[in-house]
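I opened the notebook to record what I looked up on contacts, ring pairs and confidence. The entries follow the order in which I checked them.

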Amino acid sequence: MQRTSYLTRLILFGCILCTVPVIFFGILSYLQSSNEIQKQVNRGQIQLLTQMNSNVEQILRTINHAFDQLVNSPLMAKVLSEPFTSDDFMLYKDLRKEISNTQSFYTKVDDVVIVNLKQDWMIKNSGFYTFSNYIHRFQIANQMLLPNTISWVMNPSVWFYSEEKANAAACPYTISLVKKLPDQSLDKYGLAFTNLTTCSLAELLNYTPRESETVMILDDQERILFHSDPSMIGKYAINTEFIRDPSIFTQASGQFQTEVNDQLYTATYLRSSYNNWIYLSIISIDSLTQDSKKIGRYTIFVCLIIVAVFLLIAWLGSRKMYNPIERLMKEIGGGKVPSGEKRLSNEFDFISAQVQTLFQSKSQLETEMHRHLQQALTYFLIKVFQGKVRRDEMMERMELFGLSGMLSEWRMHSVITLQIDTLDNTRYGKEDMELLLFAINNIIEEIIPSDVRLPPVFIEQTQVTLIGSRDPSPDAFKSYMYTVTETIQQTVQRVLGLEISIGISLPFDDLKQASVAYREGLEALKQRIHLGGRVIISYANINEGKHQLHLDYPFLTESELLDAILLADEDNAQRLLSQFMKIIFKHEMAPQEYQIPMVRLFTSLMVAMQESGVTLNQLLPKGGSLYEELNKLQMSREIEEWFWTRVISPLIGIYKDRQNSQYQSISEKIIDMIHKQYDTDLTIEQCASQLHYNANYLSGIFRKETSTTFSEYLSAYRFAMAKKWLTETDMTIKDIAEKLQYMNSQNFIRSFRKQEGVTPGQYRESFRKRGQ
């Protein structure tokens, strides 16, 4: 009872404090004059208009952002710069997929239209069009005359729905985000429209005007984009009875009064800083004062009822309130609750202290996660410099670490390698080496801005940093590299008292060359044997300005060779082996250095053989050592011939014997899947996933067994089904096209005529005539 009494008094006192302002506001509202009420309403209208502006701008900015991603995508650059016709089905499909990403229920985007004036085509939701045949081509093309590269413009909906009359009539005007293309080129020959119907603005505003209120949105030309009366949309503001002079909208926001039919109205407006639209609310002064007086009379009565209800709820609820508080204290206190008088007066302090402890733990966890992320980035950069990262993985990881945007801006890169010359006659020992490199890392981070470098790392007592430049000038970049390395050298000498030497690689423009540049930096540092310590050496000065000829192992060619062997594709395997050898032997290296890639290839073949269940005895029935045979070879021609005759050709023979008994069964399964799933978006990758095989492997088997490709067989079967439906059913051409996964009926008709020489309608008609 004591605990309940304490909470009851606390809650009752809080309720009284909460209701006093409400009662005071009710009395004040009742006593206020109409002018003061009007001012308050005007302030409320400003807040309302600000909210409306925020709701609309949030959607417009979202549309703009999604639109930027579309027009700057590689796919858009490709369709703008290369020839693109309605026959390019896969390219059109990919483009439609990109376009659909900009359309969502949230943004209310009705259509996205792409026009290429140079190639004379237009794409929108309803399909692919020849622009010169489009009804409203002149009006659309005139949008190139807009003064800005990107503009928000209100256009008649019929411009974009010439073939869809119903859509145009439903909403006569469309708000278009117009961009001139290409986005990054001065020569503009294309247009992109993101269309948002004016009818959808009502949903975006999420506001229902009061009975005596008129709400409008005007564009930067004072044309009405939204009006409480939809018939006013598209007209100019001066066509309304409320606005006689558009010059009144001179400020960012404000109020004015106007008179219509001897009745006074107060108008509140807000001009958007984003697109210069004007949000306007007009309401009758009489209705304001009438509503306000009613509010004033009823507020006191309602407040009294609220006070009574609050007191009753507080009295009844406080009896049960302590149980949840006690359970909460047990949960956050680890099952322990303070006892005695301290339990009464400090229960909330106890909860607050525990919550603060939780927040501190959260902060510590975030700090730990950030540290682990930095460690992951450091480890990844070390692998990059060591050449252990494939290009696709490199780009993916750079984006994951948030570095892809900065790297895309760089036009030139270089790697610096830094080593401590000696620790003799210094206050440091060998055990301090890692700590010193860490300190040098910090110095480099302070000297070199973070937007022109990747995080510095150290590899085997060498500090390594990749530096980039947005300036494509080699001379400027070279000068900057010498300046920054001299600053680093001087700072390390001053702060740590150490003499260091720095190697600078040749400039490069492909991040995949970072491993080569790292080796160039190390090679440059080797010149200290002649030059002594405390030097800055550029690799350009020791190698006549040429990149070091270190071998980049052809992983991709090796992978394709292994796939050809597993598929028992003898011709392709022999071609890939020859290609692999050409890549290796085109580099000028010492004879013993060629052994490394040969051993790597041999090891990969042995691993693939073991994983597929082939024993070494099947290759060497009489015993012996393949490795010793390989080491005795001296000529490149002999090495290539040895790989083929002693390893690859025997393996192909073994795999061929295995596959002859499997191919027919696999091909039959693929054909069965085509016959059952031809009316879906079926691909060889989906078949491979269901059959648990590699897609390239299945494709090779199917082509070998059927003498045709998967896509050709699927297309032929779909045409056979189309002929069957045309002759045996009354399905429409449009339904057949949709069932066979065509984007629109025109593409299906065009493909059918190309295949059969007649249109689907002509084919059906000729069949019916033969039947009669």
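Entry 1, Asn 53. I looked up the contacts of Asn 53 (contact means heavy atoms within 4.5 Å) and, leaving aside neighbours within four places in sequence, I found Leu 270, Ser 272 and Tyr 279. Asn 53 sits in helix α2, residues 34-71, where helices (H or I, at least four residues) and strands (E, at least two) are DSSP runs numbered from the N terminus. Its relative accessible area is 11%, so I noted Asn 53 as buried; buried means under 20%, exposed over 50% and partly exposed in between, with a 1.4 Å probe and protein chains only.

I am working from a predicted model, in which local features need pLDDT of at least 70 and side-chain atom pairs count only at pLDDT 80 or more, while totals for chains, interfaces and linings use all residues. Residues are numbered from 1 along each chain as its sequence is written, and side-chain values use heavy atoms, with hydrogens and water left out.

Phe 380 lies in helix α10 (347-385) and Phe 401 in the loop between α11 (391-400) and α12 (404-409), so the pair ties together parts 21 residues apart in sequence. Phe 380 is buried at 1% relative accessibility, and Phe 401 also counts as buried, at 18%.

I then looked up Phe 702 and Tyr 713, whose ring centres are 5.7 Å apart with planes at 85°, so this pair is edge-to-face. Phe 702 belongs to helix α25 (residues 695-706) and Tyr 713 to helix α26 (residues 710-728). Phe 702 is buried at 0%, whereas Tyr 713 is partly exposed at 23%.

For pLDDT, the predictor's confidence in each residue from 0 to 100, the protein chain averages 80, and 83% of the residues score at least 70. Over residues 340-344 the pLDDT is below 50. Where pLDDT is low, the predicted coordinates should not be read in detail.

Terms used:
Rings of Phe, Tyr and Trp (its six-membered ring) pair if their centres lie within 6.5 Å; planes under 30 degrees apart count as stacked, over 60 as edge-to-face and the rest as tilted.
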